[in-house]
Number of protein chains: 2
Amino acid sequence: MANLPETAGPLYEKVKEYILDHIISGAWGKDQRVPSEHELVSMLGVSRMTVHRALRELTSDGHLVRIQGVGTFVAPPKPYSTLIEIVDIASEIRTRGARYRADILLLESLQPSQELLAAFDFATRKAVGHSMILHHENDMPVMIEERFVNSDLAPDYDKQDFSAITTYDFLQKSTPLTEVEQVIAAITADEETARMLALEAGAPCLLLHRRTWTGSTVATVNRFTYSSRYTLGSRYAPGSFR
Amino acid sequence: MANLPETAGPLYEKVKEYILDHIISGAWGKDQRVPSEHELVSMLGVSRMTVHRALRELTSDGHLVRIQGVGTFVAPPKPYSTLIEIVDIASEIRTRGARYRADILLLESLQPSQELLAAFDFATRKAVGHSMILHHENDMPVMIEERFVNSDLAPDYDKQDFSAITTYDFLQKSTPLTEVEQVIAAITADEETARMLALEAGAPCLLLHRRTWTGSTVATVNRFTYSSRYTLGSRYAPGSFR
DNA sequence: TCTGGGAAGATGTCTATACATGTCTCGGCA
DNA sequence: TGCCGAGACATGTATAGACATCTTCCCAGA
């Protein structure tokens, strides 16, 4: 009988650790077959449900791949990825000790263009909520926020008072988001953007494009245009090694 | 007896859906107490282990908070922050089905400037490893990777053959990184950058600045300059971090 | 030779039961 | 009055057993 590690904690954690040790040490290499649940039960002297839970959690962590009826295999190593956290601009500015202000430039309901309909996956044909807000740090404009909101999910978006509640807080309450897609690009400010952000024409800007889903329908389409005076950044511990 | 949803799939998924429905509809609000496992067993007519699994998974997804001995509660809404995942450029290009190539422009050891020393928190006074690599998608240059490596941690960095192993793989093996700091900015390409990326002078570029730590010492300082033809992006479900 | 069927073995789910562990309350005792 | 301990109740873990579902493989029969 093999020996489980002697660390403290529940049994299934020890089983996880036992298996992870074999993966990390290279004893069980990529794509190699891991002992079956039944074999692990015999080897480790624990019940099948305990082994099953350990294997299931290692699978959802991406360390193993399981195929019903076939077996359990060591997952290929994760690709190199790091995470960057994008924080609410109001709190980011305030935590730097700067003054924050937002001007509502526009709040309306509009018929979506063909391009916008495509961004919504053609999930709605009705008018969508539309807002443009200019965010300031110490009275200097730093970001243009433009949102398009699916009016099936938040019908009264264009009737809110966004000086009292932020657009995010309102959306959070009306539509629980379940998925996010984000793209960051560098663009050259057009004339209007440069004017709003008090930049010279042709200055580079950061464009953060974000779509959110509620279930399988697109809830919002957003464009955040950051002044070149501003940087997106974070301090983040990488998750990838467990 | 309450009714479980009639969707297909395992029982514990239906229990999860039943609970999520009550949270999303607002029937069970923030911080409100959720029925205990025992109550859910009576209400839904399933075993406690099945209820427990549903509650456990909803907890690890961030929808619930459980306190042993006390109860289960609806989790407060997530703070406004989303994560963007930055993937290894080689695998990102390859998963798009494009051809990937990297040219090593430079590999040397150099005495750090005062500015570079500051980036290293003055943790080293010796020469640092320095590399510049140009990454191509379908033979079109898309990113300049420039790395400075603390030679206390990876002394032979400038003697590696980075056509055989990627800089990341080498660093991953020699220095386990424990923390990452990243900043994204939009910059205007200077003349040399524009030439290397085959852009017009003055084109906007994405600059990703990354520092990594091993313990409390700075391991690497990196600058990734992305062509304006390229976007940083990801698809990422929010929340779910354990 | 080809094909269908069944056995074997793998993972996936569900239940009933038991015990462990943490929290809170309430009542009795000093 | 204050404290502390028992009990109620919550979640957390572990087990044995049963059945479901899926894949693979081999063999019997056409």
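**Entry 1: contact of α1(B) with α3(B)**

I looked up which residues of α1(B) meet α3(B) in this predicted model: B:L11, B:Y12, B:V15, B:K16, B:I19 and B:L20 meet B:T50, B:R53, B:A54, B:L55, B:E57 and B:L58. Contact means heavy atoms within 4.5 Å. By class I noted eight nonpolar, one polar and three charged residues in the contact of α1(B) with α3(B). Ala, Val, Leu, Ile, Met, Phe, Trp, Tyr, Cys and Pro count as nonpolar, Asp, Glu, Lys and Arg as charged, and the others, Gly among them, as polar.

I took helices as DSSP runs of H or I with at least four residues, numbered from the N terminus. Helix α1 of chain B covers residues 11–24 and helix α3 of chain B residues 48–60; their axes come within 8 Å and cross at roughly 55°. Axes are lines fitted to C-alpha atoms, for helices over the stretch in contact, and angles run from 0 to 180 degrees between N-to-C directions. α1(B) and α3(B) are therefore oblique to each other. Angles under 35 degrees count as roughly parallel, over 145 as roughly antiparallel, 65 to 115 as roughly perpendicular and the rest as oblique. I recorded the crossing of α1(B) past α3(B) as right-handed (the near helix is turned clockwise from the far one by less than a right angle; anticlockwise is left-handed).

**Entry 2: B:R53**

I then followed B:R53, which lies in helix α3 of chain B. B:R53 is buried, at a relative accessible area of 19%. Buried means under 20% relative accessible area, exposed over 50%, and partly exposed in between (1.4 Å probe, protein chains only). Setting aside neighbours within four places in sequence, I found B:R53 in contact with A:R56 and B:Y12.

**Entry 3: chain A**

I looked up helix α1 (residues 11–24) and helix α3 (residues 48–60) of chain A: the axes come within 8 Å and cross at roughly 55°. That makes α1(A) oblique to α3(A). The crossing of α1(A) past α3(A) is right-handed.

For A:C205 the nearest cysteine sulfur is that of B:C205, 14 Å away. A:C205 is buried, with a relative accessible area of 0%. B:C205 is also buried, with a relative accessible area of 0%.

**Conventions**

Residues are numbered from 1 along each chain as its sequence is written, and chains are lettered from A and ligands numbered from 1 in the order in which they are written. In this predicted model local features need pLDDT of at least 70, side-chain atom pairs count only at pLDDT 80 or more, and totals for chains, interfaces and linings use all residues, while side-chain values use heavy atoms, with hydrogens and water left out.

Note on methods
Helix = DSSP H or I, 4+ residues; strand = E, 2+ residues; numbered from the N terminus. Disulfide = S-S within 2.5 Å.
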